[in-house]
Amino acid sequence: NAAALLAAIWLVPGIEFAGIFDGSPLDLRVVLNLLLAALIFGLVNAVVRPILKTLTCALTVLTLGLFVFVINALMLLLTAWIAGQLDLGFQVNGFVPALLGAIVTTIVSVVMAVIVRD
């Protein structure tokens with residue numbers, strides 16, 4: 001999750017993390033905040049995402065699976081909101097960056113799953 005979030009922060013304008021790719025020196029606090037944001041992202045995906053996928057199953061089938069990206073974007077927005085409440089420095093500026101970030105995080109997660117097997 002941390003690698004996927006890092007890729008989204010790097011590639012998608014509108015997804016930002018204070019202290020990463022902004023020219024400031026990287027310190028332990030920033031790394032810990034990134035890991036906490038990744039943990040939140042993982043928890044949101046483990047708890048909320050299955051509920052949303054179940055509730056929107058018909059819409060997902062109707063859109064041939066493309067609605068899953070909307071669900072992933074909502075999970076990214078929820079993660080940013082929770083991280084904002086905890087003052088971690090992670091923010092997503094709107095739905096379009098969240099949608100693009102969802103696509104990036106999905107691709108990175110699939111690649112990482114292929115590279116790092118059980």
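Trainee: What should I know before I look at it?
Mentor: Residues are numbered from 1 along each chain as its sequence is written, and side-chain values use heavy atoms, with hydrogens and water left out. Since the model is predicted, local features need pLDDT of at least 70 and side-chain atom pairs count only at pLDDT 80 or more, while totals for chains, interfaces and linings use all residues.

Trainee: What is the mean pLDDT of the chain?
Mentor: The mean is 90, and 97% of the residues reach 70 or more; pLDDT is the predictor's confidence in each residue, from 0 to 100.

Trainee: And where is confidence lowest?
Mentor: It is lowest in α1, at a mean of 90, and highest in α4, at 94; helices here are DSSP runs (H or I, at least four residues), as are strands (E, at least two), numbered from the N terminus.

Trainee: Which residues of α5 are buried?
Mentor: They are P97, A98, G101, A102, V104, T105 and V108, where buried means under 20% relative accessible area, exposed over 50%, and partly exposed in between (1.4 Å probe, protein chains only).

Trainee: What do they pack against?
Mentor: The buried residues of α5 pack against α1 (2-11), β1 (15-17), α2 (28-55), α4 (67-85) and β2 (90-92), and contact means heavy atoms within 4.5 Å.

Trainee: New topic: why does N33 count as buried?
Mentor: N33, which is found in helix α2, counts as buried because its relative accessibility is 10%.

Trainee: Which residues does N33 touch?
Mentor: Not counting residues up to four places away in sequence, N33 touches F17 and L88.
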